[in-house]
Number of protein chains: 2
Amino acid sequence: MSRRTTLLLNWYANPYHAPIIVSKTLGYYSDAEINLALLEPSDPSDVTEIVGGGRVDIGLKAMIHTIAARAQRFPVVSIGTLIDEPITGLISLKSAEINKFSDIQGKRVGYVGHFGKRIIDNLAEHAGIDQNSYTAIRVGMNVVDAILDRRVDTGIGFGNFQQIELATRSNQETSMLRIDQLAGLGCCCFCSIQFIMNQQALEADVGMAQRFLLATRRGVDFVIQNPERAFELLGEEFPRLRGDMHKKIFVHMLPFFSRTLLNVERDWQKVFKYTKHLGLTPDGFRMEDCYSNEYVPEEPYSDIKPLACCVT
Amino acid sequence: MSRRTTLLLNWYANPYHAPIIVSKTLGYYSDAEINLALLEPSDPSDVTEIVGGGRVDIGLKAMIHTIAARAQRFPVVSIGTLIDEPITGLISLKSAEINKFSDIQGKRVGYVGHFGKRIIDNLAEHAGIDQNSYTAIRVGMNVVDAILDRRVDTGIGFGNFQQIELATRSNQETSMLRIDQLAGLGCCCFCSIQFIMNQQALEADVGMAQRFLLATRRGVDFVIQNPERAFELLGEEFPRLRGDMHKKIFVHMLPFFSRTLLNVERDWQKVFKYTKHLGLTPDGFRMEDCYSNEYVPEEPYSDIKPLACCVT
């Protein structure tokens with residue numbers, strides 16, 4: 001086995017990464033001749049720059065950031081999807097009484113990074129809310145700490161993660177305003193989590209991308225078929241992921257793992273329109289350059305003799 | 001509220017139908033001005049004929065049966081997807097030692113209905129197994145009873161349902177040979193569960209189809225966002241669905257509910273090729289007549305002012 005292959009996560013290792021962690025633990029990457037090292041970013045906003053600069057082999061990043069990165073001339077390409085449309089929005093304690101978007105007036109609103117702020121400001125404009133009537137505060141992915149420490153009243157988080165964490169740690173009722181509902185997007189696909197690579201590195205070794213996705217696909221299959229055992233494996237690899245809260249997060253994640261790993265054309269189109277609307281992409285920007293389904297395996301097995309009708 | 005709308009399930013009511021049961025219990029169908037009656041078939045093989053004959057308004061049936069029904073001139077159309085590619089295969093007790101397909105020789109193999117037998121015989125031919133070397137026995141959806149009563153050694157069932165039921169009721173280890181792996185299909189999409197309607201009835205009242213799918217989509221969203229509460233609601237509506245076994249089945253179902261309800265073009269193409277291969281469809285048969293995504297809602301809310309970029 002040769003050099004290490006580096007995968008930079010979009011966050012600290014957690015149930016979102018179950019298919020990857022399971023594939024690593026069960027040796028699927030080794031089977032694919034990939035000696036994988038998982039890296040956790042201390043600031044998730046760094047991922048596209050580091051992948052774009054070719055400093056790591058593969059990264060995980062939201063669809064909207066992948067488009068934004070290319071618009072900023074970081075040559076990243078999505079080679080597949082890990083998580084389809086996780087539900088994202090403004091989470092808060094019910095006691096904060098943020099029940100509709102206009103309730104953010106007079107409140108402190110946490111956002112993850114630059115584009116999150118753009119999204120909030122644009123939604124405010126759309127809803128006819130003065131941008132000086134609320135205070136936006138950068139909190140990264142640590143929105144739960146920020147709410148519990150009373151640094152913000154609400155902030156952007158995932159419904160199947162930070163909202164559960166907030167409810168568990170506060171032992172209080174919570175609420176969420178879904179961004180897709182605020183904007184009428186029809187999906188939360190802008191925050192679908194993609195596998196991204198530097199374009200040049202990809203072209204130099206497409207075999208690695210294919211083998212990586214094949215091994216990951218085996219991991220997805222395992223998680224879907226054996227969720228109980230998959231959760232145990234997470235806890236064996238990362239003891240801090242044991243316990244009821246992470247188990248609940250894990251169960252709430254199950255509907256969101258992409259079972260095919262395919263980039264979803266329809267979602268890319270929506271998000272591309274959204275980035276244009278937000279002014280993130282220049283004229284002449286080509287959405288088709290942002291992703292490719294060429295490297296995603298048709299199915300996760302290599303030892304099957306297919307029926308004639310199934311040969312593609 | 002006017003006449004009853006009838007929905008004929010593909011099986012007895014169970015966790016597979018969670019989005020529908022939840023939508024009914026929470027009044028989403030009433031909100032959509034649909035007074036829904038759920039009907040359970042005593043023989044699932046009857047569904048396409050009853051829907052095709054216009055005797056019920058909506059039915060649930062597998063993708064492959066929808067194509068087969070149209071090939072037999074039952075004018076059914078899929079208006080959406082409830083369950084995407086549930087994993088299907090030959091399930092058995094580990095003690096039956098059915099570890100590869102050729103192990104069915106000398107064994108009794110349970111199948112659901114006519115097409116299930118065609119699939120098994122075709123797989124046997126593909127694997128070079130004499131069709132007289134095993135005994136195919138029709139067991140409908142009751143493969144678990146048939147195995148526990150020793151009427152069959154193995155039979156076709158869902159990995160996220162009957163395999164769990166078999167393991168729980170026998171308190172033994174089980175195994176499964178996935179049909180997609182045996183055939184190299186690359187997916188279990190032939191058994192994706194579709195909402196089907198009689199074409200003429202659909203054309204006479206497209207509004208009902210749209211309202212039905214919108215209400216169902218709300219139910220899917222609820223199940224995905226509140227799985228714990230959704231499971232409680234199932235038990236309130238059908239007390240026999242309470243308990244650990246059905247809870248496990250419910251959790252294992254979560255990845256398989258279609259979150260968009262869309263018919264998946266790629267899967268229809270695969271299954272169409274498979275039905276051709278099995279000799280189920282005549283020359284000149286048009287796959288495009290089998291389904292339509294015209295009635296699926298873009299998103300499950302009607303009270304949102306969308307951003308300009310999101311108006312389709």
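**Notebook: around helix α11 of chain B**

I started with what covers the buried residues of α11(B): the cover includes α12 (244–253) of chain A, along with α1 (18–25), α10 (206–225) and α12 (244–253) of chain B. For the record, this is a predicted model, where local features need pLDDT of at least 70, side-chain atom pairs count only at pLDDT 80 or more, and totals for chains, interfaces and linings use all residues. Residues are numbered from 1 along each chain as its sequence is written, chains are lettered from A and ligands numbered from 1 in the order in which they are written, and side-chain values use heavy atoms, with hydrogens and water left out.

My terms for helices and strands: they are DSSP runs (H or I, at least four residues, for helices; E, at least two, for strands), numbered from the N terminus. Buried is under 20% relative accessible area, exposed is over 50%, and partly exposed is in between (1.4 Å probe, protein chains only). Contact is heavy atoms within 4.5 Å.

**Helix α11(B)**

Which residues of α11(B) are buried? I listed P227(B), A230(B), F231(B), L233(B), L234(B) and G235(B), in a helix that runs over residues 227–237.

Then I looked up E228(B), which sits in helix α11 of chain B. E228(B) is partly exposed, at 36% relative accessible area. Setting aside neighbours within four places in sequence, I find E228(B) in contact with K248(A) and H252(A). I also checked E228(B) against K247(B): they are 19 residues apart in sequence, and their C-alpha atoms are 9.3 Å apart.

**Helix α12(A)**

Why do I call α12(A) largely enclosed by the rest of the structure? Because seven of its ten residues are buried. I noted the buried ones as M245(A), H246(A), I249(A), F250(A), V251(A), H252(A) and M253(A). H252(A) is therefore a buried residue of α12(A) and also a contact of E228(B).

I went on to P255(B), in the loop between α12 and α13 (265–277) of chain B. Its relative accessibility is 8%, so P255(B) counts as buried. What does P255(B) touch, not counting residues up to four places away in sequence? I got I224(A), L254(A), P255(A) and R259(A). Against R73(B), 182 residues away along the chain, I read a C-alpha separation of 33 Å for P255(B).

E165(B) is in helix α7 (residues 162–170) of chain B. At 11% relative accessibility, E165(B) is buried too. Leaving out neighbours within four places in sequence, E165(B) is in contact with V144(B) and M245(B).

**Chain A overall**

I logged 13 helices and ten strands for chain A. Its radius of gyration is 20 Å, which agrees with the value near 20 Å for a compact globule of 312 residues (taken over C-alpha atoms; the rule is 2.2 Å times the number of residues to the power 0.38). Along its principal axes, the C-alpha trace of chain A spans about 60 × 50 × 40 Å. Buried residues make up 62% of its 312 residues. Of the contacts in chain A with a separation of 6 or more, I have 79% between residues 24 or more positions apart.
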